[in-house]
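Open the model in your viewer and keep the selection tool at hand. The stops below go from one selection to the next.

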Amino acid sequence: MKALFIVDLQNDFCPWGALPTPKGDVIIPVLNKIMDKFDLVLASKDWHPEDSIHFQKWPKHCVQNTKGADFPDGLNTEKIKKVFLKGTGNKDDGYSAFEATNENLAEFLRKNNVDELYVTGLTAEYCVKQTVLDSLKNGFKTFVIKDGVEGIYQNEGDVENAFKEMEQAGAILITSNDLK
């Protein structure tokens, strides 16, 4: 079975959020368009407590039960079957969706006979990349839908380097037009 995975597409990572990706919202129509092509649609959320050591490194963002932690308006959330929450403790963790604390993502995928994971979301350089690398380590055939991913663009070349690292680790880079 193939599953679509949406990493951290949350208000605080959109252009209007506390830790914005300049073009984070452009992936919303791409994701809405492709959701019907998958048997299962899953997502992750950064879900930080009010006070977290994580905020010594990053601006305060995606605090539990706030508008910033919500999915953005316009994303078709009806098709998302399960949300994996990460970064829930007072530590600098939770980059990979495989670090979710509410459920073990690898076990969930195996239990649901998922063998192909198609990863999208925010941000290419951090949470998408770590999720893809952990997916590969867990033995899942892993695809990255490039036009369904955006980055922060902190430093020149970061986004392209993230895509290269994911590809070199074994991920298959595609675009939404490649989906059947």
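How do the residues of the lining of the largest cavity divide into nonpolar, polar and charged? Bear in mind that this is a predicted model. The lining has 8 nonpolar, 5 polar and 4 charged residues.

**Stop 1: the cavity.** Select Phe13, Leu19, Asp46, Tyr95 and Cys127, which lie nearest the centre of the largest cavity. They belong to a lining of 17 residues. The volume of this cavity is about 120 Å³. The count of cavities of 30 Å³ or more comes to 1.

Stop 2: Across the whole structure the search finds 0 disulfides. Cysteine 62 has 0% relative accessibility and cysteine 127 has 8%; both count as buried because the cut-off is under 20%.

**Stop 3: helix 3.** Select residues 124-137, the span of helix 3. Is this helix mostly covered or mostly uncovered? It is mostly covered, with 11 of its 14 residues buried. Cys127 is one of the buried residues, and others include Val128, Val132, Leu133 and Leu136. Charged side chains are to be found there as well: Glu125, Lys129 and Asp134 are among the buried residues of helix 3.

To see what lies against helix 3, show strand 1 (2-7), strand 3 (80-86), strand 4 (116-122), strand 5 (141-150) and helix 4 (158-169). The buried residues of helix 3 pack against these elements. Then step just past the end of helix 3 to glycine 139, where phi is positive, at about 90°.

**Stop 4: strand 1.** Select strand 1, already on screen as one of the packing partners of helix 3. Strand 1 is mostly covered, with 5 of its 6 residues buried.

End on valine 7. Its bridge partner in strand 4 is glycine 121, and in strand 2 valine 7 stands opposite serine 44.

Methods:
Residues are numbered from 1 along each chain as its sequence is written. This is a predicted model: local features need pLDDT of at least 70, side-chain atom pairs count only at pLDDT 80 or more; totals for chains, interfaces and linings use all residues. Side-chain values use heavy atoms; hydrogens and water are left out. On a 1 Å grid over the protein atoms alone, a cavity is a set of points where a 1.4 Å probe fits but cannot get out, and a pocket is an open set with protein on both sides within 12 Å along at least five of seven lines; lining residues have an atom within 4 Å of a point. Grid points are joined across faces, edges and corners, and a volume is the space filled by probe spheres set on the points. A disulfide is a pair of cysteine sulfur atoms within 2.5 Å. Buried means under 20% relative accessible area, exposed over 50%, partly exposed in between (1.4 Å probe, protein chains only). Helices (H or I, at least four residues) and strands (E, at least two) are DSSP runs, numbered from the N terminus. Contact means heavy atoms within 4.5 Å. Two strands pair if DSSP finds at least two bridges between them.
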